[in-house]
Amino acid sequence: GSGPAYFFYMAEALRDAAVKLGIKNEHALKLAVETLVGSGALLETLGAQPNVLRQRITSKKGTTEAALRVLDSKRFSHIFAKAVEAAARQAKDLSKGA
């Protein structure tokens with residue numbers, strides 16, 4: 001049940017980053033939503049693994065590579081895994097009290 005919130009959180013972060021760069025809120029939100037919807041559609045229709053699609057669009061020394069380098073340096077995958085584990089632990093704890 002938590003999965004959608006993760007994507008909403010990402011949309012919020014994309015929107016906020018775009019606003020900080022000077023894009024109007026309504027345009028920033030539209031860009032964030034279209035990015036998430038389009039990416040999800042590609043993932044679904046192409047049937048490729050997410051890492052394969054990410055590698056396909058990541059140009060050497062390009063903008064995507066620069067952004068991913070920051071995410072990697074902050075251990076985004078590790079942090080995200082820890083967040084999912086926390087949700088799973090909480091679900092288990094809540095089910096014991098039910």
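Modeller: Let's start with a term: on a 1 Å grid over the protein atoms alone, a pocket is an open set of points with protein on both sides within 12 Å along at least five of seven lines, and its lining residues have an atom within 4 Å of a point. A volume is the space filled by probe spheres set on the points, which are joined across faces, edges and corners. The largest pocket here holds about 2100 Å³. Its lining counts 42 residues, and M10, R54, L68, L71 and F76 sit closest to its centre.

Biologist: Before we go on, what sort of model is this?

Modeller: This is a predicted model, where local features need pLDDT of at least 70 and side-chain atom pairs 80 or more, while totals for chains, interfaces and linings use all residues. Residues are numbered from 1 along each chain, and side-chain values use heavy atoms, without hydrogens or water.

Biologist: Which helix gives the most to the lining of the largest pocket?

Modeller: That's α2, with nine residues. Still, α1 (3-20), α2 (25-46), α3 (50-57), α4 (63-73) and α5 each supply at least two.

Biologist: Why is K61 called exposed?

Modeller: Exposed means over 50% relative accessible area, buried means under 20%, and partly exposed lies in between (1.4 Å probe, protein chains only). K61 has 80%, so it counts as exposed. K61 sits in the loop between α3 and α4, and has a positive phi of about 60° although it isn't a glycine. R75 also has a positive phi of about 60° without being a glycine; its loop is the one between α4 and α5.

Biologist: And what makes A88 partly exposed?

Modeller: A88 has 46% relative accessibility, so it counts as partly exposed. You'll find A88 in helix α5 (residues 76-97). As for the whole protein chain, 7% of its 98 residues count as buried.

Biologist: How does the radius of gyration of the protein chain sit against a compact globule?

Modeller: The radius is taken over C-alpha atoms, and the globule rule is 2.2 Å times the number of residues to the power 0.38. A compact globule of 98 residues would come out near 13 Å, but the protein chain has 16 Å. Its C-alpha atoms fill a box of roughly 50 × 30 × 30 Å along the principal axes.

Methods
Helices (H or I, at least four residues) and strands (E, at least two) are DSSP runs, numbered from the N terminus. On a 1 Å grid over the protein atoms alone, a cavity is a set of points where a 1.4 Å probe fits but cannot get out, and a pocket is an open set with protein on both sides within 12 Å along at least five of seven lines; lining residues have an atom within 4 Å of a point.
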